[in-house]
Structures are given as C-alpha cells and as structure tokens.
Amino acid sequence: MSARSLLCLFSLLLYCCTQQQAPVIYGDNAAAGHYLDTRGFKLYYETYGEGAPLLMLHINGGSMNVFSNQIPFFSAHYRVIAVDTRAHGKSVDTGDSLTFEMMADDFNALLDSLHLDSCYVIGWSDGGISGLLLALRHPEKVKKLVVSGPNIFPDTIGLDPFIFHYLERTADTLRHKPQTAAIKNQLKTVELDLKEPHMTLEQLHAIKCPTLVMGGDHDGIPSYHLWQISQNIPQSYLWIVPNSGHSVAIFKKDQFNSVVSDFFDHPYRKFEGLDVLH
C-alpha cells in the first residue's frame, strides 16, 4: 500500500472516530419531540422505540429527563412515551389551577390522540400519583402500573414530616418573592404537593390492573404508607429497596430496570395458602 493510500485510510479512520453522534438529551430532542394541543395547553412528549406502549411520568419539579436511565433501556422492547407533565419542562401551563386529576386526564387525552387503547405505565413520585389516578379515572387505559414513591395523603403521614415542613417553608418563601411567571409556576407545583392528593385507601380497591408499588427504605414517602397503598390494591406487589431514598430510578437504576422489566414480562401471581412459604 502506498504512502498516499495509507494517508487516505488514516484520514478516513480519523474522520469516523470524530463523527460520533452527540448523546441524546431526553426532554430536548427535536427528532423525537411532539406537542399535543389539548385541554388549554400544549403537552410535550417524546417517543422512542417500538412495541407495546409504555408511558413514563416524572417527579414534581423535574421533566422526562429524570428517566435518562430508563428510556434507552425500555425503548429496546417498548414504544416509550415520555411526557413533560403539565406545568413542567416544555409543557408550559399559565393557568392558576393544577391538580393530579387534571394531569391524569391530560395523559388520557394523549393516549386517545395516539389511538392507544391501553399502555404500561411507570410513574415516579408525583408521576406515581398521576398513574394511580389514571388507573382509577380511566381504568381501561392501564395494562400494568409501576409507582415509585407515591403518596395518597398530603400530610405528615403520606410524606416524611421533614419533607412536608420543608415544602411549607419553600412555599412561604416563594409567596414573598416578586411574582414572575417562573416563580408563580414554581409555587403552583410546590403547593400541589402541600394540598394534594386526596385519595382514600378504599378508593384504591377499584384499581384492577397489576401494580408494583416501590420506594426506598429511606424514602421521603414512609415505607408504612407505601405498604398501605400496596395492601389496598387488589393485584399488587411491594418492593422496598434497601439503602435507597426517593430516587430509586437513578441511584438503583439497574435494579429498578430489571425488577420493572420482570414485572411487565410476567403475569401477576396471587400468593395463597402454602404459596406464601415459597
């Protein structure tokens, strides 16, 4: 091979090595992003992969980007629909009202717009609350539900007392700031967790889809409350993750992905009689 040929080959290899694709930024990917004009605002979502639809609902104050460890994993086998919930991320909502019921109905409208009669759902924290309400308000839409760190009472039973009082102080601070659009939106989302949700344990009996309730053993949602939620959903499993706080999907991402994937892949098993010894 001539020196010129070697030089050309080296140049080609160097070019290929330097043309690596930039990493995908979930929540800011124009190639996968869409807006749905619905219910008084524009709901932003991104879609990845093919297969059975899987809806991902994020934590309060965040965006779909918090699922950066889950979207690539699950999109290998599912059609992932990651959403910026109302008043979060690119889903700008200038209205004064914000409730979990509104969010659940937003997601129902999104599924209708995509002509999807049902889907799998992963909801983290506030996303988990919305997932529970989606299963209650639109039960036909949820095949299986995973909720990580949800609560159903807006008090020091449903939330760790330190976290609840921290939210109270945060809201008070925000009320005394100049009420710019950004501050008003932040206050609206903080007050959401101070005032809602208002579900009862009895209402959870109406959730018919198989459900996996999870949280860290040092979660901001007390383990006893997660146990209460699990015990009142007819087809439910409970997974309390050791050495973990509220962010199981981030700090225990491999375990999270594996356990959720296994839950989706297998039919719900009811433990009866001597089964409890197995």
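Gly-33 sits opposite Glu-46 of strand 2. The two belong to a pairing in which strand 1 (residues 33-38) and strand 2 (residues 41-48) run antiparallel, joined by 6 bridges. Strands count as paired if DSSP finds at least two bridges between them. The model is predicted: local features need pLDDT of at least 70, side-chain atom pairs count only at pLDDT 80 or more, and totals for chains, interfaces and linings use all residues. Residues are numbered from 1 along each chain as its sequence is written, and side-chain values use heavy atoms, with hydrogens and water left out.

The protein chain has 278 residues, of which 51% are buried. Here buried means under 20% relative accessible area, exposed means over 50%, and partly exposed lies in between (1.4 Å probe, protein chains only). The secondary structure comprises 9 helices and 8 strands. Both are DSSP runs numbered from the N terminus: helices are H or I with at least four residues, strands are E with at least two. Along the principal axes, the C-alpha atoms fill a box of roughly 80 × 60 × 40 Å. The accessible surface is about 13,900 Å², and 57% of it belongs to carbon and sulfur atoms. Accessible areas follow the Shrake-Rupley method with a 1.4 Å probe; for residues, only the protein chains shown count as cover. Among contacts between residues at least 6 apart in sequence, 73% join residues at least 24 apart. A contact requires heavy atoms within 4.5 Å.

The 8 strands form an open sheet with mixed pairing, in the order 1-2-4-3-5-6-7-8. Strand 1 and strand 8 (236-241) are the edge strands, each pairing on one side only. On average, neighbouring strands are turned by 20° against each other, direction ignored. Axes are lines fitted to C-alpha atoms, for helices over the stretch in contact; angles run from 0 to 180 degrees between N-to-C directions. Strands of a sheet pair through backbone hydrogen bonds, either parallel or antiparallel. The parallel sense is found between strand 3 (residues 52-57) and strand 4 (residues 78-84), over 6 bridges. Within that pairing, Met-56 has Ala-82 of strand 4 as its bridge partner.

Two helices illustrate packing on the sheet. Helix 9 touches strand 3, strand 4, strand 5 (119-124), strand 6 (142-148), strand 7 and strand 8. Its direction makes about 155° with that of strand 6. Helix 7 (residues 223-231) lies across strand 7 (211-216) and strand 8, at about 165° to strand 8.

The structure holds 12 salt bridges, defined as a side-chain nitrogen of Lys or Arg within 4 Å of a carboxyl oxygen of Asp or Glu. One of them pairs Arg-39 with Asp-106, the closest N and O atoms being 2.7 Å apart. Arg-39 lies in the loop between strand 1 and strand 2, and Asp-106 in helix 3 (residues 100-113), so the pair ties together parts that are 67 residues apart in sequence. Arg-39 is partly exposed, with a relative accessible area of 40%. Asp-106, by contrast, is buried at 0%. The hairpin of strand 1 and strand 2 has 2 residues between the strands, and Arg-39 in this turn has a positive phi of about 50°.

Asp-93 and Arg-86 also form a salt bridge (3.6 Å, N to O). Both residues are buried. A network of salt bridges links Arg-39, Arg-86, Asp-93, Asp-106 and Lys-188. A further salt bridge joins Asp-112 and Lys-141, with 3.0 Å between the closest N and O atoms. This pair links distant parts of the chain: Asp-112 is in helix 3, and Lys-141 is in the loop between helix 4 (126-137) and strand 6, 29 residues apart. Asp-112 is partly exposed at 42% relative accessible area, whereas Lys-141 is buried at 6%.

Backbone geometry was examined next. Most residues other than glycine have a negative phi, and most peptide bonds are trans. Ala-87, not a glycine, has a positive phi of about 75°. Ala-87 lies in the loop between strand 4 and helix 3 and is buried, at 7% relative accessibility. Asn-243 likewise has a positive phi, of about 55°. Asn-243 occupies the loop between strand 8 and helix 8 (248-251) and is exposed, at 64%. The peptide bond between Glu-196 and Pro-197 is cis, with omega about 5°. Pro-197 falls in the loop between helix 6 (181-195) and strand 7.

Phe-271, Leu-274, Val-276 and Leu-277 make a nonpolar surface patch of about 460 Å². Patches are made of residues with over 30% relative accessible area and no salt bridge; like charges are joined within 9 Å, nonpolar side chains (Val, Leu, Ile, Met, Phe, Trp, Tyr) within 5 Å. Val-276 lies in the segment after helix 9 (253-265). Val-276 is exposed, at 56% relative accessibility.
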